[in-house]
Amino acid sequence: MPSAYRLVVTGDVIMNSRVSVCREPEVVAALDIVRGADVAHAHLEIPLHDFGGADVFGAAEGALSWMRGPTYVAQELRTLGVDLVSTASNHSLDYSYGGLRSTLAALDAAGLAHAGSGHDLAAARAPAFADTEVGRVALVSATASFPPFARAGATRTDAAGRPGVNPQRYVHLVDRATADSITNVAGKLGLWVVGEGDEFVVHPPGLHNSIRRFRTVEGMTHPDTACDAVDLAGNLNAIRYAAAVADLVIAHLHVQEWDGHDGRMSSTPAFAHEFARKAADAGAAIVLVQGSHAPMRGIEVRDGVPILYDPGPLFRLGRRETQPQDFYDRWGNPEHLRSFDANLLDAYGARDTALGGERSGKRVLSPLEGNAHEPGFVLPDCEVDSASHRVTRLRLHPMSWSATTRGSGGFPIRLSGDRSDDVFERLAQLSAPYGTRLTFSNGVGEVAI
């Protein structure tokens, strides 16, 4: 066996067309990095289904759009050399429990190990294992961002569990004055507020499990967040178990939230720092926190464990597809967009301008940037010692997304020249607060481990 092997991890895969037929040189060059790895991970941001089967329909709650990919996307990932897939995200149940079941079946059929969602909480939280030529690699996947109904439920001796995602909830930390303001406003809005000790929860009438949870902390200067202790303990136990039976563990957390201190999407919230650092301490060899669409956040190295707070999404959605009526109701200001025969592209146009377009009557008030895609993202490429299975070198390949043809739109491309410099400079700025130093040579970035 060689003295080292290569591990590649990716951010969001949002794909609804075949990349295996693409011959665009820049796309091929980007994906060859994944294909050339000894072990490759991908985060599947979308459910996979073909608009058929039981209970496959748009859920009542969605994100900017209800996303999906055809079931053949699982085989596309296999063709790219992917070994492990994380599935916990805010889109996992965009098409309800039927869409989730279809996703898991498609990944199983393609022979892809997957973690992050399942038929109950135990299945969703369980590590996935891939036995490869370089050793056994494990993956634990969780998400902090999800509609309440999508959270997996535990099976009891006297009650069945609930399908869904592996959650990592969090609590808001506030000072006494802020706590009083929240409870006062919530009361005026007719929301339920229930306190116990230094904590209180806010929720709509009749929905006593759909809560926002707050903890009052004396002497705080600004609000913050902390991991829900029960979810954190469960996820750390999964990581410890994986570390006991596998050679290398990848810990993954999907996070759409941002840090309220500066209100910017590029700022990682405190609870994500807490999760990542404790995951590293629990035995993860690499920690991937992603999902911000900033598109990037910084990199930290903790006792030799690289923590990627967001390398950015690998694939962006190409073809725009049919949407449930809720999409039109949410984004369609003109009455004709709310009708049942409204034009799909008109509705997408209304959504896009609502997110900050020049002709929009709406503006994003928080976060300050809204979703962003410039200057690009990076694809992390790890060198791992074969004996210790510790990451000894982290390379970063600068990337953006193709716009050459409609068929390749949203596929990753390698960057060079000034555009790659812009990516590295931005990532260096985001990583500096962690004391992380990036070096750049021949169009590739590197982080000292």
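Visitor: At what angle do helix 6 and helix 7 pack?
Guide: This is a predicted model, in which local features need pLDDT of at least 70, side-chain atom pairs count only at pLDDT 80 or more, and totals for chains, interfaces and linings use all residues. Residues are numbered from 1 along each chain as its sequence is written, and side-chain values use heavy atoms, with hydrogens and water left out. Helix 6 covers residues 229-245 and helix 7 covers residues 270-282, helices being DSSP runs of H or I with at least four residues and strands runs of E with at least two, both numbered from the N terminus. Their axes, which are lines fitted to C-alpha atoms over the stretch in contact, with angles running from 0 to 180 degrees between N-to-C directions, lie 9 Å apart, and the packing angle is about 30°.

Visitor: Are helix 6 and helix 7 roughly parallel or roughly antiparallel?
Guide: Angles under 35 degrees count as roughly parallel, over 145 as roughly antiparallel, 65 to 115 as roughly perpendicular and the rest as oblique. With a packing angle of about 30°, helix 6 and helix 7 are therefore roughly parallel.

Visitor: Which residues of helix 7 make the contact with helix 6?
Guide: Contact means heavy atoms within 4.5 Å, and helix 6 contributes L232, N235, L236, I239, R240 and A243. On the side of helix 7, the contact is made by E274, F275, K278, A279 and A282.

Visitor: What is the volume of the largest cavity?
Guide: On a 1 Å grid over the protein atoms alone, a cavity is a set of points where a 1.4 Å probe fits but cannot get out, and lining residues have an atom within 4 Å of a point. The search of the whole structure finds four cavities of 30 Å³ or more, and the lining of the largest cavity consists of L44, E45, I46, P47, T87, S92, L100, T103 and S117. Grid points are joined across faces, edges and corners, and a volume is the space filled by probe spheres set on the points. For the largest cavity, this volume is about 50 Å³.

Visitor: Which residue is joined to A294 by a cis peptide bond?
Guide: The bond has an omega of about 5°.

Note on methods:
On a 1 Å grid over the protein atoms alone, a cavity is a set of points where a 1.4 Å probe fits but cannot get out, and a pocket is an open set with protein on both sides within 12 Å along at least five of seven lines; lining residues have an atom within 4 Å of a point.
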